[in-house]
Amino acid sequence: MASGVGSSASLWTEVSRCGQNGDFTRALKAVNKILHENKDDVTALRCKIVCLIQNGGFKEALNVINTHTRSLTSDMIGFEKAYCEYRLNRVESALKTIEGIAEQTDKLKELYGQVLYRLERYSECETVYKDLIRNSQDEYEEERKTNLAAVLAAQSMWENSTPEDLGLTDSTYELCYNAACGLIGRGLLTQAMKKLQEAEELCRRSLSEDTDVTEEDIDAELAVIHSQMACVMQLQGRTEDALALYNQVVKLKPSDVGLLAVTANNIITINKDQNVFDSKKKVKLMNAEGVEYKLAKKQLQAIEFNKALLAMYTNQADQCRKLSSSLQAQNPSHPRPVLIQVAQLCREKQHSKALEQLQRFSEHHPESASGIKLTMAQLYLTQGLVFLFFFHVSALVMMYTHEEDIDSAIDVFSQAIHYYQSEQPGSVTHLALVREAADFKLRYGRKKEALTDLEQLWKQNRKDVHTLAQLISAYSLVDQDKAKALSKHLPSPDTMSFNIDVDELENSHDATYIRKRATKVSGETLAKDQGQGDVKKKKKKKKGKMPKNYDPKSTPDPERWLPMRERSYYRGRKKGKKKEQVGRGTQGATSGAAAELDASKMASSPPTSPRPGSGTGSATNVVPPRQQKPAAPAAAHSERKYGRKNSHVKS
């Protein structure tokens, strides 16, 4: 019996020594020997679970916990159970386990924050990390701030919100990287690029100080930063630079499958319907095992959308329909799966069926009707139904104008003009759309945006004086030198004069105002009047009363006898705004034409902000999926030490 006790003591000594040295494999062997003697030894069971977790055996550790529920209570081993579930991607189970533990320790709160982040419950996650930072003082404060910065960046990206500034300093490259993600989410791309460059410099500096870190290790750690830089370049339209940097990241073969999937996806969006063979190879990286646990839901949706588009571009009609139908089942109200299906039907020349599908979707989901109707308008054009096309365009413009969303209304014009520019450039319909767009922009004070349309119209017809006058008026507010140069093309006053008989015009039966003419006084009439005046008794004139504010030194107004509206200084009534009507000059002239060409009377700051509930221009601009668009950035979530950080995906 004594030898058994001695053996047990030596085994515990072995467990302690191996644990301190980090040799958990040998420690596990010693623990198993102890459990062989006493299978219900609680301390040995807990040591075994820790050894298994340290060696990555999360499933085995969870099995030990579940088979010894009587000995190991949730308060005793709850953290280890939740951690194993979290690492096995059973996030919902991990959340349930954490919520069932009575004592909320700091390490449990840390795990709780990670679980909430994975579940994309960012507001609750933010609260947890704020509480931890405020109420704890240890060596993990930097990691907590990094995780909090990741939460704020995720809110900016996936919830389209602008989180409050918590004053987090960019002291590490992880913090700097997460700050850049937040800037990308807010559309501040130039600032984001500068922040990413700072993160790259900090990363090189901090890792180069460690003698055990090789150049390959540094490149691997920089991969996520470089992928994010490429994403910013892509969003800025620098696709060649972005593609080169993306390919550089792929060649490094980083171990983060999420990073590889996002990078591959963004390469596919640049390739579009070109370089299809390369895109097919990149799809394999997007299908890697474990990708679904590394990315946010919107990133995964974007990847699936682009897979469906690639299937369409490679003429895999059945695969395209299968993927788009699956997406529609997951997101019934999202218009993009329907648009992919419609695009596939159009490739198959089934335009009528495509229109029916769009009509059904717009009826069931009126919140997406505006973008769908624009797509229907383009389909009507392909079938030659121009009148229906114009009906949809005018209806959309009217709707957006009513909502005071001028940007979206202009975008409708841009989409329609772009179609005709590529299909029927210079046609009557094309120029009519350009004319309507120019007039609409001028009406709402968008002079700079109207310049391109007006120049296009004037180049088509150099004799169009009205368009030239509009062009000069618009340029007078943005480029006066250009306006003066264009004014030389205006016709001279002599060439614009007309042979009009004013007397004949005033005497016509349509004239509404006839000037009174002075009549000649004959000498006989004058003498007769004077004779009668002598007979009459002259009346004594009474001295008139002067007004109270009369000043004998001031000169009386020489026009005081005239009605107010006929005086030279009369400027019209101030109160009330009457609609433009026929003016008081040459018969037939209107004040509207003059006002239209008077740049000073144009609106300088028209209402462009949509009313509550209305969409913005970019949000409602849903067009048929002819190409894949670059992808939106993802927030990084840093775990212990360097952690994992995701690049960006957009569909």
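Which residues are buried in α2? In this predicted model, in which residues are numbered from 1 along each chain as its sequence is written, local features need pLDDT of at least 70, side-chain atom pairs count only at pLDDT 80 or more, and totals for chains, interfaces and linings use all residues. Side-chain values use heavy atoms, with hydrogens and water left out.

Helices and strands are DSSP runs numbered from the N terminus (H or I, at least four residues, for helices; E, at least two, for strands). Buried denotes under 20% relative accessible area, exposed over 50%, and partly exposed the range in between (1.4 Å probe, protein chains only). On these terms, Phe-24, Ala-27, Leu-28, Ala-30, Val-31, Ile-34 and Leu-35 are the buried residues of α2. They lie on the same side of α2, because they cover an arc of only 165° around the axis, the arc being that of the directions from the helix axis to the C-beta atoms. The face turned away from this buried side carries the exposed residues Lys-29, Lys-33, His-36 and Glu-37. The 14 residues of α2 should span 20 Å at 1.5 Å a residue, and this agrees with the 20 Å between its end C-alpha atoms; the expected span is 1.5 Å times one less than the number of residues.

A salt bridge is taken as a side-chain nitrogen of Lys or Arg within 4 Å of a carboxyl oxygen of Asp or Glu, and the count by this rule is 22. Side chains of opposite charge can pair when their charged atoms come close. Glu-14, Arg-17 and Arg-26 are linked in a network of such bridges. Within it, Arg-17 pairs with Glu-14 at 2.7 Å, N to O; these two residues are 3 residues apart in helix α1 (residues 2–21), and therefore separated by about one helical turn. Arg-26 also forms a salt bridge with Glu-14, at 3.2 Å from N to O. Since Arg-26 lies in helix α2 (residues 24–37) and Glu-14 in helix α1, this pair ties together parts that are 12 residues apart in sequence. Arg-17 is partly exposed at 38% relative accessibility, as is Arg-26 at 44%.

A further salt bridge joins Lys-130 to Glu-164, with the closest N and O atoms 2.8 Å apart. Lys-130 belongs to helix α8 (residues 122–135) and Glu-164 to the loop between α9 (141–158) and α10 (173–185), so the pair ties together parts that are 34 residues apart in sequence.

A nonpolar core is a set of buried Ala, Val, Leu, Ile, Met, Phe, Trp, Tyr and Cys residues joined through side-chain atoms within 4.5 Å. The largest has 33 residues, and Tyr-177, Leu-196, Ile-225 and Tyr-246 have the most contacts inside it. At least two residues of this core come from each of α10, α11 (189–208), α12 (215–235), α13 (239–252) and α14 (257–271), with α12 giving the largest share, 10 residues. Beyond its neighbours within four places in sequence, Ile-225 is in contact (heavy atoms within 4.5 Å) with Tyr-173, Tyr-177, Leu-196, Ala-199, Glu-200 and Cys-203. A second, separate core of 28 residues includes Ile-410, Ala-438, Tyr-475 and Leu-486.

Most residues other than glycine have a negative phi. Asn-89, however, has a positive phi of about 65° and lies in the loop between α5 (74–87) and α6 (91–99).
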